[in-house]
Amino acid sequence: MSRRYDSRTTIFSPEGRLYQVEYAMEAISNAGAAIGVLAKDGVVLAAEKRVTSKLLATTKSTEKMYKIDDHVACAVAGIMADANILINTARLQAQRYTLAYQEPMPVEQLVQSLCDTKQGYTQFGGLRPFGVSFLFAGYDSNFGFQLYMSDPSGNYGGWKAAAIGANNQAAQSMLKQDYKDDITREEALQLALKVLSKTMDSTTLSAEKLELAEISLSTQGEVKYKVWSADDLNKMLLTFGITQPVEES
Amino acid sequence: SIMSYNGGVVIAMKGKGCVAIAADRRLGVRGHTVAMDFQKIFEMGPHLYVGLPGLATDTITVAQRLKFRLNMYELRENRRITPKTFASVVANLLYERRFGPYFVEPVIAGIDTKTGEPYICNTDLIGCLNEPDDFVVSGTCVEQAFGMCEALWEPDLEPLDLFETISQALVNAFDRDAMSGWGAVVHVIEKDKVTVRTVKTRMD
């Protein structure tokens, strides 16, 4: 491990690696997991909340899921402070596109634009990279429903199912086994929750430790971003058999 | 004059638990009428509307830029904007261009969904807010509009009566102005619904 080449983000190591970028990814692998599954009629995002204390005030806003625009949402894994900056940047980029073209920004272009920002921090400026990975879920009229994963290097890819954060390799291989191409939204919800529950290291699972969101089309043809309430999520966990009903003693 | 190049007028009035905002539909190039379906009132929220009379290109551009700021606000704050706060956003956007302004004099009408309180206001082209309790007017026939509103308005009008009042005030005002008219559109905003009506007018 060439420690002498660590300190500057903007230079390569002799092996051709960018250590700061890799260290950023290391930070993310300790953060709460997030899983995305692409269905033929929607995209599902499920995430694990790292609830550290009973004293944390449960605000109305979410911890891992964020709306970027009416047709795009994302799940976050990594350093929350870095994530907030990038989410704001993504929101501004989406609005600037709409101001110029009077149309919603195509999902891939939004992801690419944000990744271009992230890439800048690996090549110039001398600032460290952002310690965040994203799962973007969105819809546009050209390519329908899409799921993208991006990491601190500024690299991104389109996925049918993806996982970021803690235990993401295990989650990814589980998704690879169980994913089918023509999966429906209902099945995608089940798959995402099942895989997430298996890779989380807590013994008891409940809605307080999870967040669930989906992007779908309403009956009027408008894109809808929905976040599940704690009650609905608990009911869903019971229906899918992921949690057992409380035994009456 | 730049403000009367395209022509147009917008009025808003307060009623009992409701507000109404109305505008003509003309788009002209000096004296030549070019469109009779030009939109001057824009929806900024389920119970919040802004009317932008003045130079037509600025009408469109200011509406788009306001939508930008409004979207960012709603994403960050995770809630709908209130009419009073929105008025501040409008005033701020206009004052940013203090020495090269947008040639629009906006009219804002809405209902604060939390309190049910009706709200109207208007600003000048550089963002000076005016928040009266009765009615606001803006456009090429403000003098006529002021006269009509002052004569017809009374407090606590019910939604249907408010519709009649604002329609008559608008139509009779712009009938005395060559640069406004060619149809009218009226929005009546109540706590639970918004009704949009187009009024049949003289097309000259």
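# Note on a predicted two-chain model

1. Chain A and chain B bury about 1000 Å² between them, and carbon and sulfur atoms give 61% of this area. Buried area here is the accessible area (1.4 Å probe) that two parts lose on being put together, summed over both. Arg91(A), Gln95(A) and Leu99(A) supply 53% of what chain A buries against chain B, more than any other three residues. Eleven residues of chain A and nine residues of chain B take part in the contact, where contact means heavy atoms within 4.5 Å.

2. Residues are numbered from 1 along each chain as its sequence is written, chains are lettered from A and ligands numbered from 1 in the order in which they are written, and side-chain values use heavy atoms, with hydrogens and water left out.

3. Chain A contains an open sheet of five strands in the order E3-E4-E5-E6-E7, with antiparallel pairing. Helices (H or I, at least four residues) and strands (E, at least two) are DSSP runs numbered from the N terminus, and two strands pair if DSSP finds at least two bridges between them. E3 and strand E7 (156-158) of chain A are the edge strands, each pairing on one side only. From one strand to the next, the twist averages 25 degrees. Axes are lines fitted to C-alpha atoms, for helices over the stretch in contact, and angles run from 0 to 180 degrees between N-to-C directions.

4. Strand E3 (residues 65-69) of chain A has four of its five residues buried, so it is largely enclosed by the rest of the structure. The term buried means under 20% relative accessible area, exposed means over 50%, and partly exposed lies in between (1.4 Å probe, protein chains only). E3(A) pairs with strand E4 (residues 72-78) of chain A in the antiparallel sense over four bridges, and two residues separate these strands in a hairpin. Within this pair, Tyr66(A) stands opposite Cys74(A). E4(A) also pairs with E5(A), again in the antiparallel sense, over seven bridges; there, the bridge partner of Cys74(A) is Phe136(A).

5. H2(A) packs on this sheet and touches E3, E4 and E5 of chain A, its direction making about 20 degrees with that of E3(A). Helix H2 (residues 80-101) of chain A has 22 residues and reaches 31 Å from its first C-alpha to its last, close to the 32 Å expected at 1.5 Å a residue. The expected span is 1.5 Å times one less than the number of residues. Buried residues of H2(A) include Leu86(A), Ile87(A), Arg91(A) and Gln95(A). Their cover includes E3, E4, helix H3 (107-123) and strand E5 (132-140) of chain A, together with helix H1 (56-77) of chain B. Just after H2(A), Gln102(A) takes a positive phi of about 55 degrees.

6. Chain B has an open sheet of five strands in the order E10-E1-E2-E11-E12, with antiparallel pairing. Strand E10 (135-139) and strand E12 (194-199) of chain B stand at the edges with a single partner strand each, so one side of each has no neighbour in the sheet. The twist averages 10 degrees from one strand to the next. Helix H3 (residues 142-152) of chain B packs on the sheet, touching strand E1 (9-14) and E10 of chain B, and its direction makes about 160 degrees with that of E10(B). Strand E2 (residues 18-24) and strand E11 (residues 184-190) of chain B pair in the antiparallel sense over seven bridges, and Ile21(B) has His187(B) as its bridge partner in E11(B).

7. A search of the whole structure finds zero disulfides over all chains; a disulfide is counted as a pair of cysteine sulfur atoms within 2.5 Å. The sulfur of Cys121(B) has its closest cysteine sulfur in Cys128(B), 10 Å away, too far for a bond. For Cys141(B), the closest cysteine sulfur is that of Cys149(B) at 9.9 Å, also too far for a bond. Cys121(B) counts as buried at 0% relative accessibility, and Cys141(B) counts as buried at 0% relative accessibility.

8. Lys226(A) lies in strand E10 (residues 223-227) of chain A and is partly exposed, with a relative accessible area of 33%. Leaving aside neighbours within four places in sequence, Lys226(A) is in contact with Leu212(A), Ala213(A) and Glu214(A).

Technical notes. This is a predicted model: local features need pLDDT of at least 70, side-chain atom pairs count only at pLDDT 80 or more; totals for chains, interfaces and linings use all residues.
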